[in-house]
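Hello,

Here is the structure I promised to pass on. Please look it over first, then read my notes below.

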Amino acid sequence: MAASSALTLAERAEGVITNGLTYRDAGVDVDAGNALVDRIKADTASTNRPGSIGGIGGFGGLFDPKAAGYTDPLLVAATDGVGTKLTLAGDVGRHDTVGQDLVAMCVNDLIVQGAEPLFFLDYFATGALSVDQAADVVAGIAEGCRLSGCALIGGETAEMPGLYRPGEYDLAGFSVGAVERDGLLPDTGAIQPGDRILGLASSGIHSNGFSLVRRIVERSGADLAAPAPYDPDIALGESLLTPTRIYVKNLLAAIRLGGITALAHITGGGLTENIPRVLPKDMGVRLDTACWDLPPVFGWLMRAGGVAPAEMARTFNCGIGMIAVVPATEAEKLIAFLTYKGERVHDIGTVVSGEGVEIAGLDRWHV
């Protein structure tokens, strides 16, 4: 009886081993994950900077703020994603720009507090890992890190069968920066009526408002592969995927030069929602659209979607990706300096008593 029972157990054990499932059978390819790590090692290594310790592949990334030159730093953290711009990237079949978008959305939020981005981590989630697709995304992330001077010290690749449709993925990121305690922005006590609002030009739509952009493309019947209606030299899809401009290095230099009392990243909420976030409660701004030209992509969105100018101003950056609040006596110096560094800068308005954002000349945007 004992021998017979033992034989039955052995047969059962043999059946489990012979017919058992693997993680790959469940849709998760560990070998693909390892191949991706090998593919991206050079990209991540290219982002190393003072303070970086080790490389990717451990359980956590290490960074030494003292080695980065800080004595009494405050740490500033920001996290974000790319939103439905990822859907457009899938429609176009290009994935090497959204990584820069991801980094930009985080590090541009750090610089508005005067913080230098130190390191970045990403989260890439998909149903079935395509090494080529993921490597393209990470290459864009590494480019964003190089442009902002921060180290890509780690991340997570999650393969979750059944949660995403074939070819789909989601992307999120997390960045930490540092600022010396006495350099934190905004310096609200120094802001007063009459200060100037300097607008730094955007590279395009950046990474906000793409649910509306995609609806406009669908409703208008526009072909993403055809030349853009506003620029015959580039396909519409490629134009809409233009990556978010990263302002970090030039603004760090301008902050050190002196005169900037506040910065605002023009993201979701557009011009009307973001600028008040860095002002004292009893102050607002008056902007004038005559001070800068609305880029053609936004004009097309207005025409094709029938979007009202006020809705444009609270949804999109409308050509201004970052604003700086500066004393009137410092404006000319900072415009000249930032122009020398490669930014397109416009003096677009002034700080006023009272709250909110008033935009004069919105009717100029009717096209």
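**What I found**

The chain has 12 helices and 14 strands. Both are DSSP runs, numbered from the N terminus: helices are H or I with at least four residues, strands are E with at least two. This is a predicted model, where local features need pLDDT of at least 70, side-chain atom pairs count only at pLDDT 80 or more, and totals for chains, interfaces and linings use all residues. Residues are numbered from 1 along each chain as its sequence is written, and side-chain values use heavy atoms, with hydrogens and water left out.

**Overall**

The C-alpha atoms fill a box of roughly 95 × 55 × 35 Å along the principal axes. The chain has 367 residues, and 46% of them are buried. Buried means under 20% relative accessible area, exposed over 50%, and partly exposed in between, with a 1.4 Å probe and protein chains only. The accessible surface is about 17,000 Å² (Shrake-Rupley method, 1.4 Å probe). Carbon and sulfur atoms account for 52% of that surface. Now the contacts (heavy atoms within 4.5 Å). Among those between residues at least 6 apart in sequence, 85% join residues at least 24 apart.

**Aromatic pairs**

Rings of Phe, Tyr and Trp (its six-membered ring) pair if their centres lie within 6.5 Å; planes under 30 degrees apart are stacked, over 60 edge-to-face, and the rest tilted. The count is five aromatic pairs. One of them joins F63 and F119, a tilted pair with 5.5 Å between centres and 40 degrees between planes. F63 is in strand β2 (residues 62-63) and F119 in strand β4 (residues 116-126), so the pair ties together parts 56 residues apart in sequence. Both F63 and F119 are buried.

Y230 and W300 also pair. Their ring centres are 6.1 Å apart and their planes at 50 degrees, so this pair is tilted. Y230 sits in the loop between β8 (227-228) and β9 (231-235), while W300 is in helix α10 (residues 296-305), 70 residues away. Y230 counts as buried because its relative accessibility is 17%. W300 counts as buried too, at 6%.

**Helix α10**

**Pocket and cavity**

Both were found on a 1 Å grid over the protein atoms alone. A cavity is a set of points where a 1.4 Å probe fits but cannot get out; a pocket is an open set with protein on both sides within 12 Å along at least five of seven lines; lining residues have an atom within 4 Å of a point. Grid points are joined across faces, edges and corners, and a volume is the space filled by probe spheres set on the points.

The second largest pocket has a volume of about 270 Å³. Its lining has 15 residues, with D109, V112, Q113, R277 and V278 nearest the centre. β3 (73-81), α4 (98-111) and β10 (262-265) each give two or more residues to this lining. β10 gives the most, with three.

There is one cavity of 30 Å³ or more. The largest cavity has a volume of about 30 Å³. Its lining includes I205, H206, I266, T315 and F316.

Best wishes
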